[in-house]
Amino acid sequence: STMIFVFGSNEAGIHGAGAALEARKKYGAKMGIGFGHIGNSFAIPTKDENIKTLPLNQIQKYVDMFIAYAQITPELKYLVTRIGCGLAGYKDSDIAPMFKNAPNNCELPEGWRT
């Protein structure tokens, strides 16, 4: 099955550093698209269009939309990176619980599936 690289982005779709840069170089993420499935990538915003970190409740809304999408695309496999835990500055313990309903086609970072 196709592997989709799931990374933390910003609402402006400026994929300049970290996993977002890797997503753009290797997995088909496009500049200007801050959320969703593009190429073999899926962008989940953790920062706004001014590259300020989003509040957790807003990240949760995006994560919920991602999970809904993953559930209706069981033929795809999603490799979820530690979104929000790098440049956005959150801890694993802040973000991991957002993925508690992620289906089995989502491979979560070590320790995130409880």
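Lys-47 is found in strand S3, where strands are DSSP runs of E with at least two residues and helices are DSSP runs of H or I with at least four, both numbered from the N terminus. The model is predicted: local features need pLDDT of at least 70 and side-chain atom pairs count only at pLDDT 80 or more, while totals for chains, interfaces and linings use all residues. Residues are numbered from 1 along each chain as its sequence is written, and side-chain values use heavy atoms, with hydrogens and water left out.

Lys-47 is buried yet has no salt bridge. Buried means under 20% relative accessible area, exposed over 50%, and partly exposed in between (1.4 Å probe, protein chains only). A salt bridge here is a side-chain nitrogen of Lys or Arg within 4 Å of a carboxyl oxygen of Asp or Glu. For Lys-47 the nearest side chain of opposite charge is Asp-48, 8.4 Å away; Lys and Arg count as positive, Asp and Glu as negative, and His and the chain ends are not counted. Leaving aside residues up to four places away in sequence, Lys-47 touches several residues, including Ser-9, Asn-10 and Glu-11, contact meaning heavy atoms within 4.5 Å.

Ser-9 also stands opposite Pro-45 in S3. Strands S1 and S3 (residues 41-47) pair in the parallel sense over six bridges, pairing being assigned if DSSP finds at least two bridges between two strands. S1 is also joined to strand S4 (residues 77-80) by four bridges, and these two run parallel. In that pairing, Val-6 stands opposite Val-80. Six of the eight residues of S1 (residues 3-10) are buried, so this strand is largely enclosed by the rest of the structure.

The salt-bridge count comes to three. Glu-22 forms one with Lys-26, with the closest N and O atoms 3.6 Å apart. Both residues lie in helix H1 (residues 18-26), four residues apart, about one turn of the helix. Glu-22 counts as partly exposed because its relative accessibility is 31%, and Lys-26 counts as exposed at 60%.

Another salt bridge joins Lys-77 to Glu-107, again with closest N and O atoms 3.6 Å apart. This pair links distant parts of the chain, from strand S4 to strand S5 (residues 106-107), 30 residues apart. Lys-77 is partly exposed at 32% relative accessibility, as is Glu-107 at 39%.

Asp-92 forms a salt bridge with Arg-82, the closest N and O atoms being 2.7 Å apart. Here Asp-92 lies in helix H3 (residues 92-95) and Arg-82 in the loop between S4 and H3, 10 residues apart.
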